[in-house]
Amino acid sequence: MADDATKPPPNHPADYAPPKVWEWNKENGGRFAAINRPIAGPTHDKVLPVGEHPFQLHSLGTPNGVKVTVMFEELLALGHKGAEYDAWMINIGQGDQFGSGFVDINPNSKIPALLDRSGPTPIRVFESASILLHLAEKFGAFLPTEQPKRAETLSWLMWQMGSAPYLGGGFGHFYAYAPFKIEYAIDRFAMEVKRQMDVLDRRLAESEYLGGDEYTIADMAVWPWYGLLAKGGAYESGEFLDVQSYKHVQRWTDQIGKRPAVKRGRIVNRALPERHSAADIDKALAEAEAAKAK
C-alpha cells in the first residue's frame, strides 16, 4: 500500500471525474476564491466617484488597465487637452468590480471601464480594446485612416484580445496560481505562449511596429502583456519560456518602454492609486527617482 505522503491531494487530476452537472464549490477556487463566481451582477451597492474631467476611468494597473492609461497619456502628449481624465482605482482583490456603480458601467465586472462624459449624453465603454478604439476614433490619433494600415492595426489589436487569455488565464494560472502543478496544462499553455511570442517576433522582424511603421493602439494593447513577458515580469517565467531568444520582441519592448507617455501611464492605478492631473504623475515619478537615488 502506498504511503499517505505519496498519495495525490484531494481533487488531484488523477482522482477527478467530471459530474453530470457541474456545481460551484467555492472551496476549490484557490487564490481567487473570494472573487470568482459563476454568476454576474453586483454583490453590493457602491456609487462610483466622479471627478471634474470629461473621462472617468475606473481601473487597475494590470496589463489591461495600462493599455488605457498609456493611451490617455499619449493623447495628452500630442496636445489633446480634451483627453484629460480622472483615474480611480478598482481593487479587484477586494471585489470592487462587483459594486453596483461599476457593474452599471461594465456588466462583465472586469477592468478597465470608462465613462465618457465629453458629450451631452454619457457613454459607457468597456473592454480595453473597445476603449482604445473609442478614444482613437474620437481624437483621430494612433489609428491609421488609410488602408491597408488600418486593417493591419485592427487585426493586431484583435489578435491581442484573442491571445492574451491563453497567456494570463491559461499559462499564468496553471504555472503560477493553481494549487498544484499539472504538467499537461502547463505544457499545453507554455507551447501556446511560445507560439504567440514567435508570431510577434516574426512580425516585428519585418516591421518596426505591429501595424507598420507607425506606433498605434495595437502596440498599446500588446505591449503591457507581451512586453512584460519579454522582460521576465509575467509570472516569473522568463527563464522557463526563454523570452530572451525573441530578439525582435525585445527590441520593440525596449523601444516602447522608453516613451515618456508609457512611463507615465504605467504607474496610474498602481504606484499612483488615483490620477486627477498631470501633476499627480509628476509627483509620483519624482518620488520614485528620489527613492532610487538614496
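User: In which loop is Pro-148 placed?

Analyst: In this predicted model, the peptide bond from Gln-147 to Pro-148 is cis, with omega near 5°. Most peptide bonds are trans. The place of Pro-148 is the loop between α3 and α4.

User: Which proline is joined to Ile-111 by a cis peptide bond?

Analyst: The bond in question has an omega of about 0°. The proline lies in the loop between α2 (100-105) and β3. The residue joined to Ile-111 is Pro-112.

User: What is the order of the strands in the open sheet?

Analyst: The sheet has four strands with mixed pairing. Its edge strands are β2 (85-89) and β4 (123-126), each of which pairs on one side only. From one strand to the next, the twist averages 20°. The order is β2-β1-β3-β4.

User: Which residue of β4 is the bridge partner of Leu-115?

Analyst: Strand β3 (residues 113-116) and β4 run antiparallel, with four bridges between them. A hairpin of six residues connects β3 to β4. Within this pairing, Asp-116 stands opposite Ile-123. The partner of Leu-115 is Arg-124.

User: At about what angle to β1 does helix α1 run?

Analyst: Helix α1 comprises residues 63-77. It lies across β1 (55-59), β2 and β3. Its angle to β1 is about 150°.

User: Which strands does helix α3 touch?

Analyst: Helix α3 (residues 128-139) packs on the sheet. Its direction makes about 130° with that of β4. The strands touched by α3 are β1, β3 and β4.

User: Are helices α4 and α5 roughly parallel or roughly antiparallel?

Analyst: Two packed helices are described by the angle between their axes and the distance between the axes. For α4 (residues 149-177) and α5 (residues 183-206), the axes are 9 Å apart and the angle is about 150°. Angles over 145 degrees count as roughly antiparallel, so α4 and α5 are roughly antiparallel.

User: How many nonpolar residues belong to the contact of α4 with α5?

Analyst: The crossing of α4 and α5 is left-handed. Residues of α4 in the contact include Trp-156, Trp-159, Leu-167 and Phe-171, and those of α5 include Ile-186, Phe-189, Val-193 and Leu-200. The contact also holds three polar and four charged residues. Its nonpolar residues number 14.

User: With which residue does Arg-203 form a salt bridge?

Analyst: The whole structure contains 15 salt bridges. In the one formed by Arg-203, the closest N and O atoms are 3.6 Å apart. This pair links distant parts of the chain, with Arg-203 in helix α5 and its partner in helix α4, 51 residues apart. The partner is Glu-152.

User: Are helices α5 and α6 roughly parallel or roughly perpendicular?

Analyst: The axes of α5 and α6 (residues 217-230) come within 12 Å and cross at roughly 110°. Angles from 65 to 115 degrees count as roughly perpendicular. Therefore α5 and α6 are roughly perpendicular.

User: How many polar residues belong to the contact of α5 with α6?

Analyst: On the α5 side, Val-193, Gln-196, Met-197 and Leu-200 take part. They meet Val-222, Tyr-226, Leu-229 and Ala-230 in α6. Seven residues of this contact are nonpolar and no residue is charged. The number of polar residues is one.

Notes:
Residues numbered from 1 in each chain as written. Predicted model: local features only at pLDDT ≥ 70, side-chain atom pairs only at ≥ 80, totals over all residues. Heavy atoms only, no water. Axes fitted to C-alpha atoms, helices over the stretch in contact; angles between N-to-C directions. Helix = DSSP H or I, 4+ residues; strand = E, 2+ residues; numbered from the N terminus. Parallel < 35°, antiparallel > 145°, perpendicular 65-115°, else oblique. Left-handed = near helix turned anticlockwise from the far one by under 90°. Contact = heavy atoms within 4.5 Å. Nonpolar A, V, L, I, M, F, W, Y, C, P; charged D, E, K, R; others polar. Pairing = 2+ DSSP bridges. Salt bridge = Lys/Arg side-chain N within 4 Å of Asp/Glu carboxyl O.
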